[in-house]
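Hello,

Here is the structure we talked about. Please open it, then read the notes below.

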Amino acid sequence: GTPRSDLYLIQARATHNEAPAYYLKLLAYIREHRLKIDGFSRGVTMIDYVLTNDPKQFVTEIQIPVCEG
């Protein structure tokens, strides 16, 4: 059969420009658990200036598909 992929994600109170630090956290977790990245990562802005003028309320979600290594 085909290996199953899961989507690991982290939501951060961060702007898109602050997201790289959260990518690193998620990548460290993936390495620590000996998972294999299985596709392209994605950063999705969930809350930004469309919903609030307060950057402290911004939320970015980072998604990385993984499978067992």
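The structure holds two aromatic pairs. Rings of Phe, Tyr and Trp (its six-membered ring) pair if their centres lie within 6.5 Å; planes under 30 degrees apart count as stacked, over 60 as edge-to-face and the rest as tilted. Tyrosine 8 pairs with tyrosine 29 in a tilted arrangement, 5.9 Å centre to centre with 40° between the planes. This pair links distant parts of the chain: tyrosine 8 lies in strand β1 (residues 6-12), tyrosine 29 in helix α1, 21 residues apart. Helices (H or I, at least four residues) and strands (E, at least two) are DSSP runs, numbered from the N terminus.

In the other pair, tyrosine 49 and phenylalanine 58 sit edge-to-face, 4.8 Å centre to centre and 85° between the planes.

How accessible are these rings? Buried means under 20% relative accessible area, exposed over 50%, partly exposed in between (1.4 Å probe, protein chains only). Tyrosine 8 is partly exposed because its relative accessibility is 24%. Tyrosine 29 is partly exposed too, at 37%. Tyrosine 49 has 54%, so it counts as exposed. Phenylalanine 58 has 5%, so it counts as buried.

A note on the source. This is a predicted model: local features need pLDDT of at least 70, side-chain atom pairs count only at pLDDT 80 or more, and totals for chains, interfaces and linings use all residues. Residues are numbered from 1 along each chain as its sequence is written, and side-chain values use heavy atoms, with hydrogens and water left out.

Next, helix α1. Its 13 residues (20-32) should span 18 Å at 1.5 Å a residue, and the end C-alpha atoms are 18 Å apart, which agrees. The expected span is 1.5 Å times one less than the number of residues. Leucine 26 is in this helix. It is buried, because its relative accessible area is 6%. Leaving aside neighbours within four places in sequence, leucine 26 is in contact (heavy atoms within 4.5 Å) with Tyr8, Leu9, Ile10, Ile62 and Ile64. Its C-alpha atom is 11 Å from that of alanine 12, 14 residues apart along the chain.

Just after α1 comes arginine 34, with a positive phi of about 50°. Most residues other than glycine have a negative phi. Arginine 34 is not a glycine. It sits in the loop between α1 and β2 (35-37). At 70% relative accessible area, arginine 34 is exposed.

Now strand β4 (residues 59-68), which contains glutamate 61.

The side chain of glutamate 61 does make polar contacts, with the side chains of glutamine 11 (2.7 Å) and glutamine 63 (2.5 Å). A polar contact is a pair of N or O atoms within 3.5 Å; within protein, one must be able to donate a hydrogen and the other to accept it, and residues adjacent in sequence count only if both atoms are side-chain atoms.

Glutamine 63 is also in strand β4. It is buried, because its relative accessible area is 9%. Beyond four places in sequence, its contacts include Leu7, Phe40 and Arg42.

Best wishes
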